[in-house]
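Please look at the sequence and the structure shown here, and then read the briefing below, which goes through the contacts topic by topic.

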Amino acid sequence: MTGRERVLAAFRREPVDRTPVCNPTSVATVELMDLVDAPFPEANRDPEMMARLAATGYTELGFDTIMPVFTIIQESSALGCKMQWEQKDNWPTVRMREPIWVEPEDVKLPPDFLTHKDTRCVTDAIKILKKQYGDEVAIIGKTMGPWTLGYHCFGVEPFLLMSLDNPGKTKLCLDRMKEATIEYGMAQIEAGADALTLPDHATGDLVSGEYYKEFLLDLHIELVEKLPVPLILHICGRTLDRMDYIAQSGMAAFHYDSKNPPSEAMEVVDNRIALVGNINNPETLFSKGPEEVRQEVYQNLDAKVNLVGPECAIPLQTSIENLKEIPKAVKDWHRDHSTPN
Amino acid sequence: MASINDITNEFVRNEIQEYLEQPDERESVIETFAKISPRMQEIGAALIDGQHKVVDELTLKAIADDIQALEVMDDGLIAAMRIVGIKFRENFIYVPEVLGCARAMKTGMAHIEPILSASGIKPAGRVVMGTVKGDLHDIGKNLCIMMLRGSGFEVFDLGVDTSPDEFLASVEEHEATVMGMSALLTTTMPNMAVTIETFIDEGVRDDVKIMVGGAPVSQEFADDMGADGYGKDAMECVALAKKLVKEQAEVES
């Protein structure tokens, strides 16, 4: 199987020759930026550089996917959020202390939403990658879910307080923001994305599992209906208490965090959704060595997790050696367990 | 030993019975609330329920009736925040609900802080707090600051996206004994270690105790980078700050 075939089969929870190594968020590092001369922040705003840096996930690290969207800020920039683009060794971020929206009526997509430099950069990069690597690996795009857009555009604290004070108003905001998720997702699909990551950070570190059900489950079901490629929901942190709901969303996959033990997570989702994850970033990939990375890969494979990869966007100073160990460990595990997964 | 029936406020009694599961913790909270006047219990109940307008009204009225500001803060607000903290730690409530309670506490503290400042009470310690470079998240840090201030600490808030040099300059300027760093992102956590290295390089690491926190941070990560302590939540942050102030005083004596 090619990497692309392997990944798409795993999203359908069909048999694969080996577990795919998947990167639904970002594996960009400073080392890789230097290797292909595509540093941050430019690699987030220039399609050629974005494609060049993204491709290293396949050409240098050996993953089965390429993800050109390294951050979660492209569409927020196009929506008018104040940005902090940072330098090569730091992530660009949205200045959430300076929100742009207060009321549901404020939620409007600007006319240039899809032609803005920072949204178009991604669609152009996907076109480049599709042409160069489209037959070999899965090209994954990324469109922010309405909950995450809410943090960016309303500010985290005001948005969460609104959800407490006025759930109806919050739902109206979410309903309006989902248009950005759909439009940007469709643009990436038209550009050639095989699948889309949909980060929507309703994490257990912030809100309850019941919050996910009340505010997001129906919206996510609707997004699955409207975006005709496999969707990978990404939520960091503790999510075990909402995985049953997530498994009902119709998403192809859930990208989950190392705070959730693989075997318990697999038990909860019970083959209703594929799981992607969950190699720990700060304590393993960033701080430890290949042997510890290998152990975590094996834990996921032993639990029959459908696709293996880092739990979230990795720290920019993570070593290439540790990242290369993920596909290597997957191949070794399968060599030792010769039955197809 | 006090019993639950010694607490006059029904809402507070119900909260303790429903959410406080650890026997020692439950006993200690009952002991505290049994000694608190019905008026202060009423403020506490409103705070736990996130009713900031009620807290505002009751706090103002208490001060107008010559109740000591310190009593309103300790018995009305901080005692109630302890119950909120336990409910949060045990996942009975989450950040939106905590923010609602924090808003109520802030409303009350807005009336109390000017009175306490004017009275010249010596702070429990001086703490510099900030979110590390590249990270713009501050809810957790702000909750910690609120609880620290409520516990008598003088806190210098550097806000978000704080560079190692800004931490260093602030600790030196304010002669802080404790410094707290927060990060929400796994991508920015390494900047905690970079900041600690800056303190080592400048030869001032022993002048200040450094504590860290944030959703992805763990005790193991804190130990690896050489921090003096890790706090899981705002309640632990206060306990840790008290411990570190004491340790630093012992180092300096």
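In this predicted model, 22 residues of chain B are in contact with 28 residues of chain A, where two residues count as being in contact if their C-beta atoms, placed from the backbone, lie within 7 Å. Local features need pLDDT of at least 70 and side-chain atom pairs count only at pLDDT 80 or more, whereas totals for chains, interfaces and linings use all residues. Residues are numbered from 1 along each chain as its sequence is written, while chains are lettered from A and ligands numbered from 1 in the order in which they are written.

**The side of chain B that touches chain A**

- Both α6 and α10 (219–225) of chain B supply at least two residues each to this side, helices being DSSP runs of H or I with at least four residues, numbered from the N terminus.
- The largest share, 5 residues, comes from α6(B).
- Sorted by class, this side has 12 nonpolar, 6 polar and 4 charged residues, where Ala, Val, Leu, Ile, Met, Phe, Trp, Tyr, Cys and Pro count as nonpolar, Asp, Glu, Lys and Arg as charged, and the others, Gly among them, as polar.

**The two domains of chain B**

- Chain B is assigned domain 1 (4–119) and domain 2 (126–252), with bounds that come from an automatic or database domain assignment.
- The C-alpha centres of domain 1 and domain 2 of chain B lie 26 Å apart, and their contact takes 13 residues from domain 1 and 9 residues from domain 2.
- On the side of domain 1 that touches domain 2, the elements giving two or more residues are α5 (69–89) and α6 (95–119) of chain B, and α5(B) gives the largest share, 7 residues.
- That side of domain 1 has 10 nonpolar, 1 polar and 2 charged residues.
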